[in-house]
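I opened the model to look up a few strands, helices and loops. These are my notes, in the order I made them.

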Amino acid sequence: MVSLVAALLLLLLNFQSLSWALPAVDAHGKGRQWLCPRDGTILPDVKTSIGTAHGTVDGSAVRFAVKYANAERWQESKAVSTLGAPVSPNNATDVTAMPLACPQTALSSDAYSEDCLSMVLYVPTTATASDELPSLMWIHGGSFKEGSASDAGLTGSNLATATNSIVALGFMAPDGTTNLGLKDTINAMKFVQTIAPFFGGSASKITVAGQSSGANMIRALLATPSAADLFASAILQSDPMNFGFLSTSGQGTLQSYYNSVISCSDSDAACWDALSLDSILSAQNNLLDAASTLEPSAGDAEPIRVSKTKPAPQSTPCSTPSSQTPTSRSYPAGTLGTNRTGTVVSSGFYPSMTNIAGVTDTRVRLERLGTDEMWRCASWTFARNWVAHGGTAYVGLYTVGAVYSGNSFLEFCAQAGSVCHQADIEIVFGTVADPTAEQSALVKEIQARYKSFLHSGTPNASGYANWTPAGSVDVNVLNLGGSDPIQTGACDVSFWGDAVPYDYQVYNI
């Protein structure tokens, strides 16, 4: 049994790129010559137009932890004008220290800081200053409430791992200012544009990639005109696309509730500044628990997220909203509503299924249904819409993965053949501990395809099966980890997104 939640979507964008790129490398971090003196020893300091970046040798790479922006509490961030190190544990000046995360309840208070707009750059030890090669900028996941550049598995000499603003500090400004976290990400991209040439990168080719809410953030960037010239291509992995962006009214409902919990008005900046981080995080958790009751379109899994500020431009891929109205929410009838549930049950796409022991298990049926609604079919619909609007997309599905630390307690995710949410992360980064032969093979393939995509805009690499671009009906899904064709099933163009609308269609968001 395979839990098909690790969907991969690669997009070629229809606008020019004026963005940063660190040198792309092969699966072993080789192939470039780092900025080093003539005697061949590594020089882990790089002078840029805004200061000197201090690095540390990290395997086959030099790692730089840097601040990309500053922000006062609940204010728009500004890209730094002078290069500096981020806040690290115990305010250490040791360049080997990783930056602290943004405030989040999943960590102890000594592991995070409100001053957290930082990124970690991994640059191969073999790159020349004149290479002007493409690169990839990774945005971590965490449902916009947790996660950081130091998350498990996010270590790689071929990836630049960017920390974006998360939690209530990024999306719940009491004065109603929206999408501060999205604006932080845009500032990160502008920052790397400034320093790219000093690291041997090109200022015209960057691929932005992310997983889960990181991919959701990229989807928001695709719909943001001011980000249009900051990157050339995008990779979205396991984006919960069933969720739309919050509507203006939905964001307002959540914001009003949040303000009531922190007991600060929308104009009392002194009150905001006096709040402790514990109070802010406690109010955030309160909102997360209440969100779907206050605003059904927010849902339960990722209620604090990017919101719409104005109608999307015509070039943004979107589906026609459904006239089907939402009803109460319990699973499955409450999650889908009475009308959608009836259509799903009568469709034949989700028959009774057996578990690995051969016993009929309703959970297997619900797992397949939830996967299709949230990830698999939703990403296929997005790809079809992208292509219909003139873009190019490649769609893949991981059928081999690596159990991520966040899922290690789930028995299902550890079963042979299961590929759960986040199981793609360590495959991409090549950080699987004691990989099996099939995991090692997939790591090699994925990194080869990434490299090809960064360089040429196509994920086809020598020695591997041809990856056909998606069409407006047949998305030509590539099996990542196997050779069997991926069956369309309920992801048929006439079912999910049509007969059974997604949440973003039901709520017209």
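I take helices (H or I, at least four residues) and strands (E, at least two) as DSSP runs, numbered from the N terminus. This is a predicted model, so I keep to its limits: local features need pLDDT of at least 70, side-chain atom pairs count only at pLDDT 80 or more, and totals for chains, interfaces and linings use all residues. Residues are numbered from 1 along each chain as its sequence is written, and side-chain values use heavy atoms, with hydrogens and water left out.

I started with aspartate 434. It sits in the loop between α10 (425–429) and α11 (437–456). Most residues other than glycine have a negative phi. I then looked at serine 212, in the loop between β10 (201–211) and α3 (213–222). Phi of serine 212 is near 60°, also positive in a residue other than glycine.

Serine 212 has a relative accessible area of 8%, so it is buried. Aspartate 434 has 75%, so it counts as exposed.

**Entry: strands β10 and β11**

Two strands pair if DSSP finds at least two bridges between them. β10 and β11 pair in the parallel sense over five bridges. Leucine 236 in β11 is the bridge partner of glycine 210. In β11 (residues 233–237), five of the five residues are buried, so the strand is largely enclosed by the rest of the structure. In a regular strand the side chains alternate between the two faces of the sheet. Here Ser233, Ile235 and Gln237 point one way, Ala234 and Leu236 the other way, and all are buried.

**Entry: strands β12 and β13**

Three bridges join β12 to β13, and the two run parallel. Six of the seven residues of β12 (residues 392–398) are buried, so this strand is largely enclosed by the rest of the structure.

I picked out asparagine 479, in β13 (residues 478–480). Its relative accessibility is 11%, so it counts as buried. Leucine 397 stands opposite asparagine 479. What does asparagine 479 contact, leaving aside its neighbours within four places in sequence? Contact means heavy atoms within 4.5 Å. I noted Leu397, Thr399, Asp484 and Ile486.

The side chains of asparagine 479 and threonine 399 are joined by a polar contact of 2.6 Å. A polar contact is a pair of N or O atoms within 3.5 Å; within protein, one must be able to donate a hydrogen and the other to accept it, and residues adjacent in sequence count only if both atoms are side-chain atoms.

**Entry: glutamate 445**

Glutamate 445 is in helix α11. At 13% relative accessibility, it counts as buried. Leaving aside its neighbours within four places in sequence, glutamate 445 is in contact with Tyr464 and Leu480.

**Entry: nonpolar cores**

A nonpolar core is a set of buried Ala, Val, Leu, Ile, Met, Phe, Trp, Tyr and Cys residues joined through side-chain atoms within 4.5 Å. The largest has 93 residues, and those with the most contacts inside it are Phe64, Trp74, Phe191, Phe231 and Trp496. Another core, of 26 residues, lies apart from it; among its residues are Ile427, Leu442, Leu478 and Leu480.

Methods: Buried means under 20% relative accessible area, exposed over 50%, partly exposed in between (1.4 Å probe, protein chains only).
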